[in-house]
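Open the structure in your viewer and keep the sequence panel beside it. The tour goes stop by stop, with something to select at each one.

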Amino acid sequence: MDIKACIFDLDGVIVDTAKYHFIAWREIARDLGFEFTEEHNEKLKGVSRMRSLEILLEIGGIILDDPAKEILADRKNKNYLKYVLQMTPAEILPGSKEFLLELKKSGIKIALGSASKNAMTILDRLKITHLFDVIVDGTKVFKAKPDPEIFLKGAEELNVSPANCIVFEDAEAGIEAAIAAGMKCVGIGNSEVLWRANWIIRGFQNFSITKLNDLVKS
Ligand code: B16
Ligand code: MG
């Protein structure tokens, strides 16, 4: 495979925002009168904000109409942004920035493919916006992962065929989206959740283009 582009998910791949999503959703659940656990939070990874709220309401056995859902999703985002706006570049996950810089040097294109509508704010806080040739986030797509739209849009804007793209993802929905886009996928994290990925790594610490090529050849 000739790797021409790498497409990165954001939350769980470049930075760990799951902990802030968790705190913000837990507050909403408490207001609604039930406990939301870290195990529940796993189900929200890679899933859009509104779908996350729907899953949370299913857990609590609560039915709400659309306007009430909008209010809660908005309130959760305000909570979440309180944490995001305090993030610093020190929160970039180990090795991610170094790998992005190596890709840039070698001429391999870089895109972001994140479900988050806060992706631009997060990248700015981390001071890495300039490293991406193309940014596709939750504000630019109609269909959330596992639909392949986010990744296909990234490849199209980079002008690279999906067959020459590698996706880096930490969530099941994102891996399904990559497969549906006809792209190869490196899962970041736990093999129990990410078994559908072509390859799995723990993270980017000590990762490099040479190691990526070794994986692709394996
Ligand atoms: P927001 P990713 C996803 O980002 C998160 O994994 C997921 O937990 C979150 O619900 C979703 O973004 C929407 O985020 O509320 O900021 O729009 O993993 O696709 O980078
Ligand atoms: Mg993710």
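In which loop does P146 lie? Select P146: this residue sits in the loop between strand 3 (134-136) and helix 7 (149-158). Bear in mind throughout that the model is predicted.

The peptide bond that joins K145 and P146 is cis, with omega at about 15 degrees. Most peptide bonds are trans, and most residues other than glycine have a negative phi.

Next, select K127, in the loop between helix 6 (119-126) and strand 3. K127 is not a glycine, yet its phi is positive, about 60 degrees.

Move on to ligand 1. It is surrounded by 18 residues, and the closest are V47, S114, S116, K117 and N118. Show the backbone of V47: one of its N or O atoms is 2.6 Å from an oxygen atom of ligand 1. At K117, a polar backbone atom lies 2.7 Å from an oxygen atom of the ligand. For D11, the distance from a polar backbone atom to an oxygen atom of ligand 1 is 2.9 Å. Of the 470 Å² of accessible area that ligand 1 has on its own, the protein covers 98%.

Last, select helix 3 (residues 49-60) and helix 4 (residues 66-84). Their axes come within 10 Å and cross at roughly 105 degrees, so the two helices are roughly perpendicular to each other. To see the contact, show R49, M50, L53, E54 and L57 of helix 3 with K69, E70, L72, A73 and N77 of helix 4. By class, five of these residues are nonpolar, one is polar and four are charged.

Technical notes: Residues numbered from 1 in each chain as written. Chains lettered and ligands numbered in written order. Predicted model: local features only at pLDDT ≥ 70, side-chain atom pairs only at ≥ 80, totals over all residues. Heavy atoms only, no water. Axes fitted to C-alpha atoms, helices over the stretch in contact; angles between N-to-C directions. Helix = DSSP H or I, 4+ residues; strand = E, 2+ residues; numbered from the N terminus. Parallel < 35°, antiparallel > 145°, perpendicular 65-115°, else oblique. Contact = heavy atoms within 4.5 Å. Nonpolar A, V, L, I, M, F, W, Y, C, P; charged D, E, K, R; others polar. Near = heavy atom within 4 Å. Polar contact = N/O pair within 3.5 Å; in protein donor to acceptor, adjacent residues only side chain to side chain. Areas by Shrake-Rupley, 256 points an atom, 1.4 Å probe, with all protein chains shown as cover.
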